[in-house]
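Colleague: Could you walk me through this model? I would like to begin with the charged side chains and then turn to the rest.

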Amino acid sequence: MSEVIVSTTSRLEGRPAKEYLGIVTGEVIVGANLFRDLFASVRDIVGGRSGAYEDVLQRAREQAIGEMRMRAATLGGNAVVGVDLDYEVIGSNGSMLMVSASGTAILV
């Protein structure tokens, strides 16, 4: 698969869309780890950043964007514009995190 360009803007400067192929999404749900939660809450009490959560967020975001890119390529697109990233805590006790990426697949 060739590289699919991803942009939060509505168009790519100097590269007009030849065809709009539709909305594409990528979703990832990750579960929270008990020990990571414990250490993160301790860090929150004493201040500082939670590297464990930052790593999980980064991986989940990259996976969601990767899934969205694959869906765009499947439609024949080589770019996704108007990309929006959303984060949501889900589960009865907020034990899971959902990261979703959505945008419009286009052919440039």
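Modeller: Arg-71 has a relative accessibility of 36%, so it counts as partly exposed. Please keep in mind that this is a predicted model.

Colleague: Which side chain meets Arg-71 in a salt bridge at 3.5 Å?

Modeller: That is Glu-27, the distance being taken from N to O. The two come from distant parts of the chain, since Arg-71 lies in helix H2 and Glu-27 in strand S2, 44 residues apart. Glu-27 is partly exposed, because its relative accessibility is 35%.

Colleague: And where does Glu-67 lie relative to Arg-71?

Modeller: Both residues are in helix H2, four residues apart, which is about one turn of the helix. Through shared partners, the salt bridges join Glu-27, Glu-67 and Arg-71 into one network.

Colleague: How many salt bridges are there in the count?

Modeller: The count comes to three. One of them is formed by Glu-3 and Arg-69, whose closest N and O atoms are 3.3 Å apart. Glu-3 is in the segment before S1 and Arg-69 is in helix H2, so this pair ties together parts that are 66 residues apart in sequence.

Colleague: Is Glu-3 buried or exposed?

Modeller: Glu-3 counts as exposed, because its relative accessibility is 57%. Arg-69, at 25%, counts as partly exposed.

Colleague: Let us change topic. What is the order of the strands in the sheet?

Modeller: The sheet is open and has four strands in the order S1-S3-S4-S2, with mixed pairing. Strands S1 (5-6) and S2 (19-31) stand at the edges with a single partner strand each, so one side of each has no neighbour in the sheet.

Colleague: Which pairs are parallel or antiparallel?

Modeller: S1 pairs with strand S3 (residues 79-90) in the parallel sense, over two bridges. Within that pairing, Ile-5 has Ala-79 of S3 as its bridge partner. S3 and strand S4 (residues 96-107) are antiparallel, with ten bridges between them. As for what holds such strands together, the strands of a sheet pair through backbone hydrogen bonds.

Colleague: What happens between S3 and S4?

Modeller: Those strands form a hairpin with five residues between them, and Gly-91 there takes a positive phi near 100°. Ile-90 stands opposite Met-96 in S4.

Colleague: Which residues does Met-68 touch, leaving aside its neighbours within four places in sequence?

Modeller: Met-68 is in contact with Val-6, Val-24, Thr-25, Gly-26, Val-80, Val-83, Ala-101, Ser-102 and Gly-103.

Colleague: Finally, where is the confidence lowest?

Modeller: Helix H1 (residues 34-46) is lowest, with a mean pLDDT of 52, whereas S1 is highest, at 96. For the protein, the mean pLDDT is 85, and 80% of its residues reach 70 or more.

Definitions and conventions
Residues numbered from 1 in each chain as written. Heavy atoms only, no water. Pairing = 2+ DSSP bridges. Contact = heavy atoms within 4.5 Å. pLDDT = per-residue confidence, 0-100. Salt bridge = Lys/Arg side-chain N within 4 Å of Asp/Glu carboxyl O. Buried < 20%, exposed > 50% of the residue type's maximum accessible area, 1.4 Å probe, protein only.
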